[in-house]
Amino acid sequence: MGPVAFAAVNTVAPVLLLVGAVATTVGAGGASLVSRSLGAGDTAQAARAAGTAFVVFWATAVTVGVAGVLLIDPLLTVLGATGPLRGYARDYAVVILAGAITATGFSSLVRAEGRMRFSTMLWVLPVLTQIILDPLLIFGFGMGVRGAAWGTVGGQAVSMGMSLWFFFGQRHRPYRIRLDDLRPHGPTLRHLVALGSPSFLAGFGAALLTALANNLLVTLGGAVALGAWALCTRIGTFVTMPQLGIAQGMQPIVGYNAGHGSTERVRRATVLTIRATIGYGTLVCAGLIVSAGPLTALFTNDPAMREQAATALRILALSFPFAGIVPLLSARFQALGQPRPSYLLSVGSILAVKAPLMIALSHIGTTGLWISVPLAELVSAAAALFLLRRSRTPVLPATPRPDARPTSGPRGVFG
């Protein structure tokens, strides 16, 4: 569709990040409760936590979708969609907002049971669906950018359908979600929101950070700079997925063993995942620095955008050795039922480090904005590791209610 359409889709990225932040909020909070409840043998509370997560997400997604469609023009202005970008951005954003209710498959709740294979399929099958739908709708049916949006919603719908079958159709599971579990329960809701809020603030902050970068780049370099940023963020999203997977895989192990009282396993899981995310990030950094030119050439034929994207990617690659630390340790604190340190990491890294550095170094030009990203990740990672050293591993009760009745739980899932 050309560089303008490519840049326009990236201006709508904060909308995707915001809806994803809502899903991550209920997923992280619910998964922490579920895994610790299963570790303590309280399957009734696990069901109540999962049911509450479903209801909170659906209600919030509908609200965000309706409000976004009704306020689409001011929203596009805030996102920096101006001039020729605006029409493409509108086509993409309206469909994404209308399909917001499909934007999660609750894979975190599946992982909380130790069902890693099905949790993986909740990502693989929807992505394969989108890979098939995108070219078919964009080119085959001539839908352009709107087709790309429908491809995304189609993949999300597959994930949602799979999760509904898993939680409400499967019989051989450690707990069943009943109708009563879908009714709001004050203590569970408060606990879920408290544990999940750091994830929402991190996602919301990432959306604001992306919107800030979009507006700065439009001023500094126009559509070419914005397109280069879009290309690099697409590549960055792909290569950092294993770091996200490391953090997500660590959560149920930490939560379950904390609920079971096995603090040594919590410590081991933390050390191993920190080593894994740093090691992987270092390898990716080296690979991208070497292959930045040929890699960016795969995505665009525009010489100016390709040259700028290759330069940006080599600089941004320096952030990957540190990029996994903050989300990993934030997820660890959430899994342990400690929202306060997670708040400090998710909010503090954006408000106190990333946004100020981006604004300050952007005065140098687009190169300064690229440099601000790895510098901010380095400072944030150092602060996160310092916070980890000062923290303790608690063994907290998994439930916020005094009437919980322990029942027989799964054996050997994480042991």
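Ser-35 is buried, with a relative accessible area of 1% (buried means under 20% relative accessible area, with a 1.4 Å probe and protein chains only). This residue lies in helix 2; helices here are DSSP runs of H or I with at least four residues, numbered from the N terminus. Leaving aside residues up to four places away in sequence, Ser-35 touches Ala-112, Pro-252, Gly-255 and Tyr-256, where contact means heavy atoms within 4.5 Å.

A word on the basis: this is a predicted model, in which local features need pLDDT of at least 70 and side-chain atom pairs count only at pLDDT 80 or more, while totals for chains, interfaces and linings use all residues. Residues are numbered from 1 along each chain as its sequence is written, and side-chain values use heavy atoms, with hydrogens and water left out.

## Helix 7 and its bend

Helix 7 covers residues 116–140, and its 25 residues reach 35 Å from first C-alpha to last, close to the expected 36 Å (1.5 Å times one less than the number of residues). At Leu-133 the helix bends by about 25 degrees, with the proline Pro-135 following within four residues; the bend is the angle between axes fitted to the seven residues ending there and the seven starting there.

Phe-118, Ser-119, Leu-122, Pro-126, Asp-134, Leu-137 and Ile-138 are the buried residues of helix 7, and they pack against helix 6 (107–111) and helix 8 (144–168). Just after helix 7, Gly-142 has a positive phi of about 65 degrees.

## Helix 11 and its kink

Helix 11 (263–297) has 35 residues and reaches 48 Å, close to the 51 Å expected. Its kink of about 75 degrees lies at Ser-291, shortly before Pro-294.

Buried residues of helix 11 include Val-266, Thr-270, Ile-274, Gly-281, Cys-285 and Leu-288. The partners of its buried residues include helix 9 (186–239), helix 10 (241–260) and helix 16 (366–390).

## The second largest pocket

How big is the second largest pocket? Its volume is about 300 Å³. Among the 15 residues that line this pocket, Val-15, Leu-18, Leu-75, Leu-79 and Phe-204 are the closest to its centre. A pocket is an open set of points on a 1 Å grid over the protein atoms alone, with protein on both sides within 12 Å along at least five of seven lines, and lining residues have an atom within 4 Å of a point.

Helix 9 gives the largest share of the lining, four residues. By class, the lining has 14 nonpolar residues, one polar and no charged.

Terms used:
Helix = DSSP H or I, 4+ residues; strand = E, 2+ residues; numbered from the N terminus. Buried < 20%, exposed > 50% of the residue type's maximum accessible area, 1.4 Å probe, protein only. 1 Å grid on protein atoms, 1.4 Å probe; cavity = no way out; pocket = protein on both sides within 12 Å on 5 of 7 lines; lining within 4 Å. Points joined across faces, edges and corners; volume = space filled by probe spheres on them. Nonpolar A, V, L, I, M, F, W, Y, C, P; charged D, E, K, R; others polar.
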